[in-house]
Number of protein chains: 2
Amino acid sequence: MKVLITGGMGVIGSEATRKFVHAGHRPILFSRSRDERLIRDVLDRVEIELGDITDFATVENVVEKHGITHIVHAAGSVSAVSTANPPLGIHVNVMGTVNVLEVAKKLGIERVVYTSAKGVYGAFTGIYGAPTYALVDEDHPKVPVRIYDSAKWMAEQAALYYAATYGMDVLVLRFATTFGPGKTERHGKMGVTSQIIEAPARGEPFHLAQGGDERDDFIYNKDSGLGIYLATTATGLRDRAFNIGSGVSRTLNDFADIVRRHVPGADIRIGPGGNFLGAAHAMYGIFDITRAREQLGYEPQWDLEHAIPDYLATLRQSEVSNA
Amino acid sequence: MKVLITGGMGVIGSEATRKFVHAGHRPILFSRSRDERLIRDVLDRVEIELGDITDFATVENVVEKHGITHIVHAAGSVSAVSTANPPLGIHVNVMGTVNVLEVAKKLGIERVVYTSAKGVYGAFTGIYGAPTYALVDEDHPKVPVRIYDSAKWMAEQAALYYAATYGMDVLVLRFATTFGPGKTERHGKMGVTSQIIEAPARGEPFHLAQGGDERDDFIYNKDSGLGIYLATTATGLRDRAFNIGSGVSRTLNDFADIVRRHVPGADIRIGPGGNFLGAAHAMYGIFDITRAREQLGYEPQWDLEHAIPDYLATLRQSEVSNA
């Protein structure tokens, strides 16, 4: 197999890139612009192609040139962009995905894996919210609230439509609340789970007015990358959409406790209560990851106790921070 | 008020155009191409602008030039196009709507009315399908199946997002199963409710293997136009999304009986059972139109008994047919 990873230098894409490289592949990374900082360690084992994901000829040429057989479509416009500029966010996330699907259809790509988002489920209310946090499986109703999440859902619909209509092998992965190096800088406010690690690592305070008690499903992006790798290579699948998360509920106070253990003198203060993102709807829910476990062989490798020191170690070696 | 009607020469748009003209307005009709056949009777009381609905500058120029205060956005790519060419259908229906919303936002348009589709609700199953056909209100879950309907849903999400985020006045109308002159020619297979009238009117047979007993909510496009007109002019609204239908359930056999009364010797044969569209999912459901009645003052004017002879009379005067 020869894999193209769109957004392969990004926050989640770079972890997928690393997984493929470590498994012996030489992935092609497609991106709008060149930023090697998150893939420095594997730079000599990838190839990079730059271009616009919404342009058919560009994507087609890259796929043909490299004899691509599998596509991981992780390129997208982050939620902050969709909020600031809805037309741009919708264009990139919807039409970009449709474009990848069209190329895949024309050139007979064996599998496309689309990286979607938890937000397609919308607000986690009733038994799915605090304090019960009933597990959310893939059949949970899709009632996206933010325009970003609506666009991700529309892209999912396109992906699943191409699969059903053209007999293509297309999978959709929905990630829980992700954290990992690079997210704070590139994803803006949504990176609170990265700020709480990166600020103390720089010797700066992390103060948040509320939310220490909110429970959420946090996934370290090395596990996100694992999920992508497994989804690209798994066989005998019965379903097309998979939750990729930790499957357990933790709090921002848990983050704080662990950071304090590893960063002496860390100045972290978090107010009580829920909603650490200060969001207008309840974005906090815990994934049922049974389907990914059973069909993809996915098992989270990184609980907070191990992910946070790993994150801190990465920061010490990395050029990417929130500086 | 000065109203721009995108798609104003189309199957539904033309009926909206007629309502505005008869109420004393001089609407501006925006279309990709000029086809006067459905608006011949009011041609001297409208103005026509041609252009691409997805192009910001074009739409902006038209809105500024005519001092537009209200926009009816009825331009779209029909479902047959979305099936044949998903990228085109999604581009026109999603990005076209986003473009109209952006122009409306920039230029302070007082109200935007978006013409959506019944298909956003998806399959009508359980109590909402045969044989019980429980009424479907606007809060019904949105689980679109066809890619066309997903795109209409995404456009709705954008419309409602712009309303919520930017304080704009944007409404969404979801039409029941529409029928009326022009639909067969322009909308393809979905026009079975027009074919059953137009074929006998031309002296041709109408034979359908199945579906005579299926119940559905059929709306004559003069009522669709009424719904659009009322939604554009109504005040004191509490909601943003409205079902526009007949609110009652009829069958294709009802159509046949009425056509036979008005077209002596009509050769109509319809097999029994349901699913007259031969669709892969249950597309047949009956709208609860209470909200439109209460807030828009909408009341259907055309039952089948009156709509079908009106349709036949229109055909005799019209150049548009399925010939």
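Buried area is the accessible area that two parts lose on being put together, summed over both. Keep that in mind for the first stop in this predicted model.

**Stop 1: between the chains**

Show chain A and chain B together. The area buried between them is about 1,800 Å², and carbon and sulfur atoms give 75% of it. In chain A, select A:Met95, A:Met154 and A:Tyr161: these lose the most area to chain B, together 28% of what that side buries.

Now widen the selection to every residue in contact. There are 21 in chain A, touching 21 in chain B. Which helices of chain A each supply at least two residues to the side that touches chain B? They are H4 (86–107) and H5 (147–166). The largest share, 10 residues, comes from H5(A).

How many salt bridges does the rule find across the interface of chain A and chain B? The count is 0. For polar contact across this interface, the rule finds 4 residue pairs, with both residues at pLDDT 80 or more.

**Stop 2: a covered strand in chain B**

Select residues 111–117 of chain B, which form strand E5. Are they buried or exposed? The strand is mostly covered, with 7 of its 7 residues buried. In a regular strand the side chains alternate between the two faces of the sheet. Here B:Arg111, B:Val113, B:Thr115 and B:Ala117 point one way, while B:Val112, B:Tyr114 and B:Ser116 point the other way.

Strand E4 (residues 70–73) of chain B pairs with E5(B) in the parallel sense over 4 bridges; look for B:His73 opposite B:Tyr114. Strand E6 (residues 170–175) of chain B also runs parallel to E5(B), joined to it by 6 bridges. In that pairing, B:Thr115 stands opposite B:Leu173.

**Stop 3**

Most residues other than glycine have a negative phi, and most peptide bonds are trans.

In chain A, select A:Pro131, which is in the loop between E5 (111–117) and H5. The peptide bond from A:Ala130 to A:Pro131 is cis, with omega near -5°. A:Tyr133 is in the loop between E5 and H5 of chain A and has a positive phi of about 45°. A:Tyr133 counts as buried because its relative accessibility is 9%, and the cut-off is under 20%.

Move to chain B. B:Pro131 is in the loop between E5 and H5 (147–166), and the bond from B:Ala130 to B:Pro131 is cis, with omega near 0°. B:Tyr133, in the loop between E5 and H5 of chain B, has a positive phi near 45°. B:Tyr133 is buried, with a relative accessible area of 9%.

How values were computed: Residues are numbered from 1 along each chain as its sequence is written. Chains are lettered from A and ligands numbered from 1 in the order in which they are written. This is a predicted model: local features need pLDDT of at least 70, side-chain atom pairs count only at pLDDT 80 or more; totals for chains, interfaces and linings use all residues. Side-chain values use heavy atoms; hydrogens and water are left out. Contact means heavy atoms within 4.5 Å. Buried area is the accessible area (1.4 Å probe) that two parts lose on being put together, summed over both. A salt bridge is a side-chain nitrogen of Lys or Arg within 4 Å of a carboxyl oxygen of Asp or Glu. A polar contact is a pair of N or O atoms within 3.5 Å; within protein, one must be able to donate a hydrogen and the other to accept it, and residues adjacent in sequence count only if both atoms are side-chain atoms. Buried means under 20% relative accessible area, exposed over 50%, partly exposed in between (1.4 Å probe, protein chains only). Two strands pair if DSSP finds at least two bridges between them.
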